Every structure is written in structure tokens, then in C-alpha cells.
Amino acid sequence: MNWQPIIAGVDGSPESLRAASLAWQIARAAGARCVLVYAVPEVWAPGALEALVNSPDIVERLVSDVQHLVARELDADVPESVRQSLIARPGRPGVVLDAVAREFGAGLIVVGARHHGALARGLGGSTAHHLVRTAPAPVLVVDASSHVPRRVLVATDLGDAAGPTLATGSRYAKLFSAQLRAVHVVEPAKFPTVVPLSLDQGVFEERSRAEFERLMELEQPNVAPADRILRRGRADEEIAEAVAAWSADLLVVGTHGKGWIDRLLIGSTTERLLNRLPTSLLVVPISRPAARPAAQPAALRRQKGMVII
């Protein structure tokens, strides 16, 4: 399978330079194109001043400054041809990167980690938060280290996201001859208090373990039993502990990309992992399966000559 172009966001910050370096290392190993993108900030100013501070001369100077900084800091890491072809467009970084990724049919978007407070996340969050919610391609958020992964940990559920998430983790592990491990967290079963249902937690855990093993045999049979980890507790906390215990340098998770209202109100495992970032995080967007057509009434099935089961 050919690798699609890899997009990296740069703005001159140390975090973005690390992201650009890793993006090039991945692109080189995969034989893919690497595209650096700079979102030129649009500055608000009252009245006529806005046109002044966002004039073509100012924009050109900003782009030139970033190009020189990238050339100086990444001279030994990224080829000149990649640095010189930097794309600069005005707008918010998340929006610009999303647009460029769609234009190029990107297979990966790489950004540096930025830690934001709860208020900033609630108002829209970082570039990484925006891309994880909207981007059509996997998003790699690079932590303080920019070296290629040697230990890839895939955190998987037991649903339709499991297969694509495991496959993506396996692809990156193979690219760099890295070790691959999978972890599934069994969270306490929760039911509405109005439901008179008693579920033995031990039985629930054993069923989860059996399904996890079945899933691994189906999707990644070459992963050794010792690298199929089952943990109990809150998902993001247990996954972060699994990262630390194994010293994983790349964590792969899948997400259905819920809307920002869902994330603001209840959050998700992916969102919480992005906030705490235990290591570099690769978020794989998963398309929801098509809904099955609603069952037709028996009378209608008889009219159409259907066999009623």
C-alpha cells in the first residue's frame, strides 16, 4: 500500500519544529511526500488598522521569518527542497491544515503538542483538538521527543473501531521495525439506576477478555499473547499507565470524531488522552458503519412477497 502525503504544521515554535522533523522521518521511511504548512496569523485591529497589520508586506515578512527559522533549525533534519516548498496561508492553524490535507489527499497530519487549560479547551482547544474533531486523516500529536517510534501501543475497544486502529498501529510498527502491543481496558459496566439489572463484574470481564483475544486473533494474530494487555478501570488512566509501564513512544487510538458539544459536555477517552498526552499520540478517524435499514412491518413484507422469519 502506497503512503499518501504527510502534512506538518510549522509556526517556528520548538514544538512545531519537532513535529516537522518527525514528519520528514516518517515520509522518508514511507517514500511519501512531506509538505510543511504555515498558517499565517490574522491579527484583529480596530478600523483601518486591521488592513495595515494584515497587509501583504506584513504577511510576506511573517512568512519569510518562519522560512528562515525553519531553514536554520531544521537544516540537518529536513531537506532544502521540503523546506523551500513550505505552503503559507492566512487563517487559524487547524482550519488551514485541515484544508491543505484535503487538497493533497493527505494520509497523515503532524502537529506539535501544546498544553492548554480547561477554559481554552472548552472554547475550542488547540490545533490538535480541532484536527482530531474534523480532519479526514490520522493526526499525530508529537510530544517532547521527535525520534521515530520503537514501541507502538494500540489502545483498542471491542467495536468497529478496533480493526482500523490495530491496522494503523501495525503499519507504523512495521515501517520502523518497532515492537507492537495492544491494550484493552475493561471499564465498570454502567446502567441507569432505573434498570433492575445485576451484572457480575467477573463474568463481564471474562467475556471482555475472550472477545479481546478473538479480536486479536482475527486482526493481528502475530502479536504475542504477552503483548495483549487487559486492564481494569477508567480507560484514559489505565492507558496512560500502560504507556508508562512499557515506555511506549507512540500511542494509537481510534475516534469516531464526535461533535464539539459532545466533547465539551462529557469528553471522550481520546480527548482526555490528548489533554494529558502520556506520549506521542496518533488519532485515527473511524467512519461509523452505515445504519441498517429499519425493519419493515409484517403486513408490508407480505405485500412485497418477502419471507417472514
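Two residues are said to be in contact when heavy atoms of the one lie within 4.5 Å of heavy atoms of the other. In the predicted model described here, residues 24 or more positions apart account for 76% of the contacts in the protein chain with a separation of 6 or more. The chain holds 13 helices and 10 strands, and buried residues make up 45% of its 309 residues.

Two of the pairings may be followed at the level of single residues. Strand β1 (residues 6–9) and strand β2 run parallel and are joined by 4 bridges, and within this pair Gly9 stands opposite Val37 of β2. Elsewhere in the sheet, strand β6 (residues 151–155) and strand β7 (residues 179–186) likewise run parallel, with 5 bridges joining them; here the bridge partner of Leu153 is Arg181 in β7.

Strand β2 (residues 34–40) also illustrates how a strand may be covered, since a residue counts as buried when its relative accessible area is under 20%, and 7 of the 7 residues of β2 are buried. In a regular strand the side chains alternate between the two faces of the sheet. In β2 both faces are covered, with Cys34, Leu36, Tyr38 and Val40 buried on one side and Val35, Val37 and Ala39 buried on the other.

Two helix pairs were examined in the model. The axes of helix α5 (residues 93–104) and helix α7 (residues 127–134) come within 8 Å and cross at roughly 40°, and α5 and α7 are therefore oblique to each other. Their crossing is right-handed. On the α5 side the residues that meet α7 are Pro93, Gly94, Val95, Leu97, Asp98 and Arg102, and on the α7 side they are Thr127, His130, Leu131 and Thr134. Sorted by class, this contact of α5 with α7 has 4 nonpolar, 4 polar and 2 charged residues.

In the second pair, the axes of helix α10 (residues 235–246) and helix α12 (residues 269–276) come within 9 Å and cross at roughly 50°, which makes α10 oblique to α12. The crossing by which α10 passes α12 is right-handed. Helix α10 contributes Ala235, Asp236, Glu237, Ile239 and Ala240 to the contact, while α12 contributes Thr269, Arg272, Leu273 and Arg276. The classes represented in the contact of α10 with α12 are 4 nonpolar, 1 polar and 4 charged residues.

Ser247 is found in the loop between α10 and β9 (250–255), and its phi is near 55°, a positive value in a residue other than glycine. Leu277, in the loop between α12 and β10 (281–285), has a phi near 40°, again a positive value in a residue other than glycine. As regards accessibility, Ser247 counts as exposed because its relative accessibility is 52%, whereas Leu277, at 10% relative accessibility, counts as buried.

Gln220 counts as buried because its relative accessibility is 13%. When residues up to four places away in sequence are not counted, Gln220 touches Leu166, Ala167, Ser170, Leu180, Leu215 and Arg228. Gln220 is also 57 residues from Gly163 in sequence, and the C-alpha atoms of Gln220 and Gly163 are 8.8 Å apart in space.

Note on methods. Residues numbered from 1 in each chain as written. Predicted model: local features only at pLDDT ≥ 70, side-chain atom pairs only at ≥ 80, totals over all residues. Heavy atoms only, no water. Axes fitted to C-alpha atoms, helices over the stretch in contact; angles between N-to-C directions. Parallel < 35°, antiparallel > 145°, perpendicular 65-115°, else oblique. Left-handed = near helix turned anticlockwise from the far one by under 90°. Nonpolar A, V, L, I, M, F, W, Y, C, P; charged D, E, K, R; others polar. Pairing = 2+ DSSP bridges. Buried < 20%, exposed > 50% of the residue type's maximum accessible area, 1.4 Å probe, protein only.
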